[in-house]
Amino acid sequence: PVWSAKASYSEMTQYDFQKPDIFEGYRTENGFNLNLNPEIWLPCTKLLPPQKSKQIVLGTYLSFNNRYAISIEGFYSKLYHVIDDRRMDIDEIPEIWEELFQSGNGRSFGAELLLEKKLGKLNGWIAYTVSKTERQFGTINSGNYFHI
């Protein structure tokens, strides 16, 4: 068998963000209107800083006679300045567009198992991942992390 260990660390920054809600509701003279929103990307600003993440991955890989392989990896990501729609009262009108959103934090962690058959008449792979992702905003869930 051939064995190897893996480790990686990455930091990423994103300077624009996609409008979180795909539905847009607003009042009109004739009542309330609900539309499906197209993909809208907005720039980061001083009030909505760039989203950032830091991720670490650790894993191991084992190959048997170049026919079979198994890989197990675990990961942890910390997320900063995650953007979400800010919940507002129906009569609230923001002074600037940035007030439509809020910035928070998040985290994600999990593991992946990969089994692979490389040679022979039948070959392929099967993988299973289990993960958990949570977000934290000061105005939601009393400022505690919640699952998404």
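This is a predicted model: local features need pLDDT of at least 70, side-chain atom pairs count only at pLDDT 80 or more; totals for chains, interfaces and linings use all residues.

The ring centres of Phe 17 and Phe 101 lie 5.2 Å apart with the planes at 80 degrees, so the two meet edge-to-face. Phe 17 belongs to strand 2 and Phe 101 to strand 8, so this pair ties together parts that are 84 residues apart in sequence.

**Aromatic rings**

- Phe 101 has a relative accessible area of 7%, and because buried means under 20%, the residue falls in that class.
- Phe 101 also pairs with Trp 97: here the ring centres are 6.3 Å apart and the planes stand at 80 degrees, so this contact is edge-to-face too.
- Trp 97 is partly exposed, at 34% relative accessibility.
- Through these ring pairs, Phe 17, Trp 97 and Phe 101 form a cluster.
- The structure holds four aromatic pairs.
- A charged group also meets a ring: Arg 107 lies over the face of Tyr 145, at 3.7 Å from the ring centre.

**Salt bridges**

- How many salt bridges are there? The count comes to three.
- Glu 134 and Arg 107 form one of them, with 2.6 Å between the closest N and O atoms.
- That pair links distant parts of the chain, as Glu 134 sits in strand 9 and Arg 107 in strand 8, 27 residues apart.
- Is Glu 134 buried or exposed? Glu 134 counts as buried, at 6% relative accessibility.
- Arg 107 is partly exposed, with a relative accessible area of 25%.
- Glu 134 also meets the side chain of Lys 132 in a salt bridge, at 3.5 Å from N to O.
- Lys 132 has a relative accessible area of 32% and is partly exposed.
- Shared partners join Arg 107, Lys 132 and Glu 134 into one network of salt bridges.
- Lys 6 and Glu 73 form another salt bridge, their closest N and O atoms being 3.2 Å apart.
- This pair links distant parts of the chain as well: Lys 6 is in strand 1 and Glu 73 in strand 7, 67 residues apart.
- Lys 6 is partly exposed at 34% relative accessibility, and Glu 73 is partly exposed at 26%.

**Strands and sheet**

- The protein has ten strands and zero helices.
- Six of the strands form an open sheet in the order 1-6-7-8-9-10, with antiparallel pairing.
- Strand 1 (2–14) and strand 10 (146–147) stand at the edges with a single partner strand each, so one side of each has no neighbour in the sheet.
- Strand 8 (residues 101–117) and strand 9 run antiparallel and are joined by 13 bridges.
- Within that pairing, Asn 105 stands opposite Gln 136 of strand 9.
- Six residues separate the strands in the hairpin of strand 8 and strand 9, where Gly 120 takes a positive phi near 105 degrees.
- Strand 9 (residues 124–136) pairs with strand 10 over two bridges, also in the antiparallel sense.
- Which residue of strand 10 is the bridge partner of Arg 135? The partner is Phe 146.

**Two residues and their surroundings**

- Tyr 80, in strand 7 (residues 68–85), is partly exposed with a relative accessible area of 28%.
- Leaving out residues up to four places away in sequence, Tyr 80 touches Pro 50, Gln 51, Lys 52, Lys 54, Gly 104 and Asn 105.
- Tyr 80 and Thr 13 are 67 residues apart in sequence, with their C-alpha atoms 9.4 Å apart in space.
- Gln 18 is found in strand 2 (residues 16–18) and counts as partly exposed, at 37% relative accessibility.
- With residues up to four places away in sequence set aside, Gln 18 touches Glu 39, Ile 40 and Trp 41.
- The C-alpha atoms of Gln 18 and Ile 40 are separated by 5.6 Å, while the residues are 22 apart along the chain.

**Whole-protein numbers**

- Of the 148 residues of the protein, 22% count as buried.
- Among contacts with a separation of 6 or more, 60% come from residues 24 or more positions apart.
- The accessible surface comes to about 10,700 Å², and carbon and sulfur atoms account for 57% of that.

Notes: Residues are numbered from 1 along each chain as its sequence is written. Side-chain values use heavy atoms; hydrogens and water are left out. Helices (H or I, at least four residues) and strands (E, at least two) are DSSP runs, numbered from the N terminus. Buried means under 20% relative accessible area, exposed over 50%, partly exposed in between (1.4 Å probe, protein chains only). Contact means heavy atoms within 4.5 Å. Accessible areas come from the Shrake-Rupley method with a 1.4 Å probe; for residues, only the protein chains shown count as cover. Two strands pair if DSSP finds at least two bridges between them. Rings of Phe, Tyr and Trp (its six-membered ring) pair if their centres lie within 6.5 Å; planes under 30 degrees apart count as stacked, over 60 as edge-to-face and the rest as tilted. A charge sits over a ring if NZ of Lys or CZ of Arg is within 6 Å of the ring centre and within 35 degrees of the ring normal. A salt bridge is a side-chain nitrogen of Lys or Arg within 4 Å of a carboxyl oxygen of Asp or Glu.
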